[in-house]
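I opened this model to look at how its parts pack against one another. My notes follow in the order I looked things up.

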Amino acid sequence: MTRTRHLIGLLLVLALVGSACGSDADDAGTTAATQESTAPTAAEPSEIVVGCSDGVPSWDGFIAFENDCGAVGIPLLFDVVAFPTSDLSDSEGIAAASITPSDDFSVLTVSLRPEMTFHNGDPVTSADLKFTLDRIANSEAWSYTLGGFAPDLITQVDIVDDLTVAITPPSPNSEIESLGLAHFAVGIYPKDFGGMSEEDFWTNPYGSGPYQLVSWTPSDEATLEKFDGYHTPAWQNFDQITLKGIPDDNARILGLESGELDLGLRLPTNASAIVGSDDVELLVGDPSAVSELIFVANTPPFDDVEFRRAVWYALNREDLLAGAWDGVGNLPSAVIPSALPGATSGSIAPVYDLDLAREHLAKSAYPDGTEFELLVVDGDSPRQTAAQIIQSNLAELEINVTITALAFAEFFDRFTTGGHQAVLWGYEAVVAPPSDIIGYYFATAGFFGNWDTTEAFDHFVTIQTTGELATKQAAIAAYETMMAEGVFAIPLAERFWVAGHRAELSNVVMNPTGFIWINRATR
Amino acid sequence: MARYGFIAKRVAGIVPLLLGVIFAVFALQHVTPGDPARLILGARASEEAVEELRSELRFDDPVVTQFVRYAGNVFQGDLGRSLRASKPVTSIIADRLPVTLWLLGAGVVLSLLISIPLGTLAAMRQAGWADHAIRGVSLLGLTLPPFWVGIMLLLFLALPTGWFPITGFGDTFSEHLRSITLPALTLAISLAPIQIRSLRSAMIEVVESDAVTTARSLGIKGWRLVSRHVIPNAVLPMITLLAVEVGYMLFGAVVVEATFSLPGLGSEMITAVAGRDFAVVQGITLVFAVMVVAIHLLADIALAFIDPRVEMA
Amino acid sequence: MVEGRMSKPLLIVEDLRVEINRHGSIVTPVDEVSFELQQGEILGLVGESGSGKTLTLKALMGLLPPGVVQVGGSISSRSGDVLQPLDPEKARGRIMAMIFQEPATALNPLRRVRDLIAEPFIVGHGVARNEARAKAVALMRAVGIPDPEQRSRAYPHQLSGGLRQRVMIAMALATESTLLLCDEPTTALDVTIQDQILGLLVELKRERDLTLVLVTHDLAVVSELCDRVAVMYAGRIVETGATADVFANPGHPYTAALLAAVPRFEPGGGDLTTIGGSPPDLRNVPSGCRFRTRCQYAFEECATAGHRLTHVADERQTACIHPAWIERGVAI
């Protein structure tokens, strides 16, 4: 979900003064000089301060998965079973020593590393993992916020021995590993919350991750310190990690420049124009988000394929990118953002051709134009600007667009219940998507209103229950074709994540979803 | 003695108001369209989960019963529990209230340090260049959005000098003081223009008043005239203005806290609203409302003590 | 002008001119005002509302409101045997003080009475605060405030109008000035109180050898209290002289008209006469004599005549150029 970012004007101003100020600071030599003279030794306690757009609201992954502090913080406190590699092509075991599917994909066997302990010294056993997975499997209420994370993929969890569980999906599924386990929210909790009530546990939680909680002000600041009993000391490069919620994008950049922050997450996409100091290095990701014009394809006027084609050709993506997104981003080349697995780059080319658009409109049921209502989230300023550009693009075809800006809750309500004609929304990866069956993610995330009326639904159901590769690829192909036809949605622009860190940090790797393994960076 | 009686009476007078405030805060979740349980759990939650939460939070009881229970809890200091942080709302508020009080207190002090000299100068040099300059600058201060002012202060003051932290509130008193300076200045810049205008016109009115003419006719002049006869009469409307401004200040605090990453009630309000953490939203709303009521009460009492014309019967 | 006088003038005002510049249009509410004030006398300054009486006093005090400026004339005061220009900034609260029309608004509401009265002692005479407060209580007693000890701790709003005006008088006395400029000091008070306050002023004048200027529109008060009278019309003094002479024998038709307009409660009941017409709009005053448009004796020359006070008798001056009035100097 896109956070409302910034006022364009402010950033334009900031871009100017930011660079001016940076050079001033250099001239005056006022920027804190890096102390190269005292070479850091391994014995010196090292700390890192991470600024995110929000603090950790909760250590429960069901709640905090959308928060960037939560996403990077939870795997520090709770050892996750596995996690995607930085290019998202595979996953690696973290707490898991091995993850083995049966030959027919009907059972998945997970073995934990031996001799792991929780922060309080209790051993981590298969009972704890079962407790964690059962909690996920039974938490219907939160399934949607996990963005397709798959509670309904787990039918049963059986304890095999002290360190091993067997997971049974509803039907054989080749994707269960990446779907169910390679997610930061699957951090292992102690069984029965260590004998505490759930409320008390989340007030002062502990896990078996590389760091343990020292202090925490919800949604503001959390301090974690190295856990001495961790299984892989190489993943504990700092003695202390502080996660700070800094809601203002520009304050995060300034915090990096001043040296108050070592690492800043979710920077504005034009951060490179703002950062004025050589002490800050930026990490610019590949596109992992796409903004789309999403519509209901079984009610007028979008039930008419020629009408959809007319809209497809009538939208000027270059204007949209320049006008709504400050030119920061890419023209869409795929429905699935091109950096994510499953994207078939270049499968769709955004063509702007008014003559072609008029031809298609003439063949549609609305040769003289028509009208529809376009919903946007009030305050989502890039998309509100995009809506106006779309409005003027379509006015060329005598298609009158009424823009309605709604508070998020109402917008989401109408969007998910199909009570709309068209919306401006999009797909944004906030966690690593489960492997290449991104379509599943789309479908369960419910992005497409009354999507179940379309033929794609059948494909997705097949994928969900069987996970068979051939079906899956067919579904993606069908999906791409339909997108090219303008079914469901028309992609408008691709966006990407930006993070920044002080130059003295190295090994800072960001994956396309913006996730950084903080504890693996080095100073 | 009359004074203590007066205070007791005024304090007693706000009890019905507080009940009204509690009712309004309670009503928040009932006037918000849709099922509150659904609102908490989100659109995709299953019916069973929503039903479970409904009965857990006892939303099915008659509204009056719910209100009595809510008000009873509030009076016992129980504002519920944060759904997300899993902590009692009172402990969240206790963590964050001091930051907001710091911000408001320092902001008001700074705004007065700005507005009293400037307002006085503008009034004394009425229609002179100083007056025009002050009016121009204060108009500018009024139009600049606080978050922009905040970022500019960070960019041009905090970053080059290193005197002020960019983020956070620190742990010690001196760190608090350093951390709060720029946020308070930002708040003060948004508050001062109205104060300057009010003070200026109050000053002009007072300077031209019969009482000051009388004092001048007796040979009283200079600082003595200003300090004994002009300022005391001119600050009376300022006290009322400050009380009226408090709502505006709280709004400003929300913005300023977000800009400077201060862990106050305002930034918590933003995240609680975004995270649909209803008990927290209610709790903070209640605290804000009580602050507004309390500050009006304080202003009333202060006025009564300063102005002998106010009947303390 | 000075020669042949018995006593020496305390204050000489010559050609006083006050202007209001409002959006470029200039109004002159006080114009060519000249008079002398003799030591120890009570001078009555009379005229209709808007004739410039109060502004004349405020100009003397240097207390003209913002936007109202003294643009001409000179004010001299006598110090010993020397006449010297008067600096109102320095004279205020030292040699002269003013008593205002509205005791309800003239007193700072936030200060106790004793501090109000004590302040001139402290500011003007360097008296310590406690001593000044004691002197304030003594003054309160002197101006006839009953129970002064207790009342000294009161705030102005807790006192009646009459008492407030007594406090105002006490404040003026506390400056130890000998010249009191009284701007309609009884207008805002109940009729029964008015006499008491005026009586107090006369008594204080006698006891303390004060010189008083009394602005009023009450001719009865003037005839009763004032040694001399100056009659103002539309910003100018049109006639001066000893009160008895002027009232018995007006030297200007306006004075005569004013006197005729006073309701007299005589047996048999005379008609209430009013002056025909209304005072001129100061933005558009008639040329020559400003009263001519309302004057039943006006003739051609009145429209061109300059304003000049002419002696018609000892200590009698009139601005009227009508031969009959100058010659006769008598009532109609």
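**Entry 1: domains of chain B.** I looked up the domain assignment of chain B and found domain 1 (2–89) and domain 2 (96–303). Such bounds come from an automatic or database domain assignment. The C-alpha centres of domain 1 and domain 2 of chain B lie 31 Å apart. The contact takes 27 residues from domain 1 of chain B and 18 residues from domain 2 of chain B; contact means heavy atoms within 4.5 Å.

**Entry 2: ground rules.** I am working with a predicted model, in which local features need pLDDT of at least 70 and side-chain atom pairs count only at pLDDT 80 or more, while totals for chains, interfaces and linings use all residues. Residues are numbered from 1 along each chain as its sequence is written, chains are lettered from A and ligands numbered from 1 in the order in which they are written, and side-chain values use heavy atoms, with hydrogens and water left out.

**Entry 3: the domain interface in chain B.** I read off a buried area of about 1900 Å² between domain 1 and domain 2 of chain B. Carbon and sulfur atoms give 73% of that area. Buried area here is the accessible area (1.4 Å probe) that two parts lose on being put together, summed over both.

Next I looked for charge pairs. The rule finds 2 salt bridges across this interface of chain B; a salt bridge is a side-chain nitrogen of Lys or Arg within 4 Å of a carboxyl oxygen of Asp or Glu. B:Arg84 forms a salt bridge with B:Asp277, and their closest N and O atoms are 3.5 Å apart.

I also counted polar contacts. Domain 1 and domain 2 of chain B share 5 residue pairs in polar contact, both residues at pLDDT 80 or more. The term covers a pair of N or O atoms within 3.5 Å; within protein, one must be able to donate a hydrogen and the other to accept it, and residues adjacent in sequence count only if both atoms are side-chain atoms.

Which elements give two or more residues to the domain 1 side in chain B? They are helix H1 (2–13), helix H2 (15–31), helix H3 (36–41) and helix H5 (63–75) of chain B. H2(B) gives the largest share, 8 residues. By class, this domain 1 side has 20 nonpolar, 4 polar and 3 charged residues. Ala, Val, Leu, Ile, Met, Phe, Trp, Tyr, Cys and Pro count as nonpolar, Asp, Glu, Lys and Arg as charged, and the others, Gly among them, as polar.

Entry 4: I find 13 helices and 0 strands in chain B. Helices (H or I, at least four residues) and strands (E, at least two) are DSSP runs, numbered from the N terminus. The C-alpha trace of chain B spans about 80 × 55 × 35 Å along its principal axes.

Chain B averages a pLDDT of 85, and 94% of the residues score at least 70; pLDDT is the predictor's confidence in each residue, from 0 to 100. Among the elements of chain B, H3(B) has the lowest mean pLDDT (66), and helix H6 (residues 89–124) the highest (91). Where pLDDT is low, the predicted coordinates should not be read in detail.

**Entry 5: chain B against chain C.** I find 21 residues of chain B in contact with 29 residues of chain C. The two chains bury about 2100 Å² between them, 60% of it on carbon and sulfur atoms. In chain B, B:Ser217, B:Leu218 and B:Pro308 lose the most area to chain C, together 28% of what that side buries.

How many salt bridges link chain B and chain C? The count is 1. C:Glu119 forms a salt bridge with B:Arg224, with the closest N and O atoms 2.7 Å apart. I also note 12 residue pairs in polar contact between chain B and chain C. Helix H10 (210–217) and helix H11 (222–259) of chain B are the elements that give two or more residues to the side touching chain C. By class, that side of chain B has 7 nonpolar, 6 polar and 8 charged residues.

**Entry 6: domains of chain C.** I get domain 1 (11–95 + 177–328) and domain 2 (104–176) for chain C. In chain C, 15 residues of domain 1 are in contact with 13 residues of domain 2. The area buried between these domains of chain C is about 1100 Å². I count 0 salt bridges between domain 1 and domain 2 of chain C.
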